[in-house]
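Welcome! Here is a friendly walk through one structure, with a few stops along the way.

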Amino acid sequence: MSEIKNITVIGGGTMGNGIAHVFAQNGFDVKLVETKQEFADRAMNTIDKNLSRMVSKEKISEAEKQATLERIQPVLSVSDGVKSADLVIEAVPENYDLKKKIFKEVDEHAPANAILASNTSSISITKLAAVTSRPGKFIGMHFFNPVPVMKLVEVINGLETDSAVTDSIMEISKKLGKEPVPANDFPGFVSNRVLMPMINEAIFCVHEGVAEPEHVDEVMKLGMAHPMGPLRLADFIGLDVCLDILNVLYDGFKDPKYRPCPLLVKMVDAGKLGDKTGEGFFKR
Ligand code: 3HC
């Protein structure tokens, strides 16, 4: 496979700006595609803030911070953003129709040898690959929040992903200082198939009056050494995202063990989505 130098990240939200940050910090040129200037500015401000935090903790120098920022170029159109990409990573919201539309456009404008990757947390890589003309060059590259901190990249092979593409994505993940772990394409892959039932069960504990949210979290933090309790983590991930993933598991396996807790559904209906709205199981 040819060397990967130019990266395009589609979507500058929590995951997208983190992905752009780590690639740029490790010397790659990054185009960050957003739909509006204000969203692009917000993404760049977040990256600036996270780099400043690293400068204040003396993990990087001010000069490294500036060089990292200079390697990221915000772009407002998919076709411009991908035209010289070696690797395109999509990190837009968890909506199949939206991702499908974006990948059709990416496929049309990206060079024929470019690898296309999705940061989806649970949508089928095989199904996304099938909307492009290059399913062999399509792969899942699943990062974890906060991206600059978390070591894991879950590398998901679709049904037709070429093994050379998998090798190349494993290698580039290591260049980012991450630890890639391969998985095959089943609903939720490994990470969310294991994580989301735990979060859902923690919500059932609150729903059934087993314990208050802070007590559920204390049990898991103090007894199981989790850095965040499952309900705090659900707020951090976004309750809407948790619900979307549980629905993918439920629909994908047709198994009632993945049914979303009614309390989770109710909170999402009420617009209590966690940190992003200021309130979920806890207030921010
Ligand atoms: N950018 C850069 N650095 C960051 C950062 C960011 N966005 N957020 C935190 N940090 C750094 C801090 O500077 C600090 O660095 P230090 O160790 O050198 O001091 C370190 O991370 C720890 O941060 P804090 O001291 O502020 O806070 P905590 O010790 O409470 O750690 C946490 C915060 C790293 C988020 C920790 O609570 C944690 O690991 N939580 C679990 C996170 C998790 O499970 N993520 C996965 C979510 S699932 C997912 O993303 C997949 C999706 O599909 C759902």
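Setting aside neighbours within four places in sequence, Lys221 is in contact with His226, Pro227, Met228 and Gly229, where contact means heavy atoms within 4.5 Å. Lys221 itself sits in helix α9, residues 213-224. Helices here are DSSP runs of H or I with at least four residues, while strands are runs of E with at least two, both numbered from the N terminus. With a relative accessibility of 38%, Lys221 counts as partly exposed; buried means under 20% relative accessible area, exposed over 50%, and partly exposed in between, using a 1.4 Å probe and protein chains only. The C-alpha atom of Lys221 is separated by 13 Å from that of Ala202, 19 residues apart along the chain.

A word on the numbers. This is a predicted model, in which local features need pLDDT of at least 70 and side-chain atom pairs count only at pLDDT 80 or more, while totals for chains, interfaces and linings use all residues. Residues are numbered from 1 along each chain as its sequence is written, and side-chain values use heavy atoms, with hydrogens and water left out.

Next, the overall layout. The domain assignment, which is automatic or from a database, gives the protein chain domain 1 (6-184) and domain 2 (193-269). Their C-alpha centres lie 27 Å apart, and the contact takes five residues from domain 1 and four residues from domain 2.

Where does the ligand lie relative to domain 1 and domain 2? Both domains give residues to the shell around the ligand, so it lies between them. In total, 18 residues surround the ligand, and the closest are Arg53, Lys57, Lys59, His142 and Asn145; a residue belongs here if one of its heavy atoms lies within 4 Å of the ligand. By class, this shell has ten nonpolar, five polar and three charged residues. In that scheme, Ala, Val, Leu, Ile, Met, Phe, Trp, Tyr, Cys and Pro count as nonpolar, Asp, Glu, Lys and Arg as charged, and the others, Gly among them, as polar.

| Protein atom | Ligand atom | Distance |
|---|---|---|
| Asn50, polar side-chain atom | nitrogen | 3.4 Å |
| Asn145, polar backbone atom | nitrogen | 2.8 Å |
| Asn192, side-chain N or O atom | oxygen | 3.0 Å |

The protein covers 68% of the 1000 Å² of accessible area that the ligand has on its own. The elements that give two or more residues to the shell are α2 (37-56), α8 (191-207) and α10 (230-237).

Asn119 is found in the loop between β5 (115-118) and α6 (125-129). Is Asn119 buried or exposed? Asn119 is buried, because its relative accessible area is 8%. A polar atom of the Asn119 side chain lies 2.8 Å from the backbone nitrogen of Phe143. Beyond residues up to four places away in sequence, Asn119 touches several residues, including Met15, Ile89, His142 and Phe143.

Glu94 belongs to the loop between β4 (87-90) and α5 (96-109), and its 18% relative accessibility counts as buried. The side chains of Glu94 and Lys99 are joined by a polar contact of 3.0 Å. A polar contact is a pair of N or O atoms within 3.5 Å; within protein, one must be able to donate a hydrogen and the other to accept it, and residues adjacent in sequence count only if both atoms are side-chain atoms. A polar atom of the Glu94 side chain also lies 3.4 Å from the backbone nitrogen of Ser122.

Methods: Areas by Shrake-Rupley, 256 points an atom, 1.4 Å probe, with all protein chains shown as cover.
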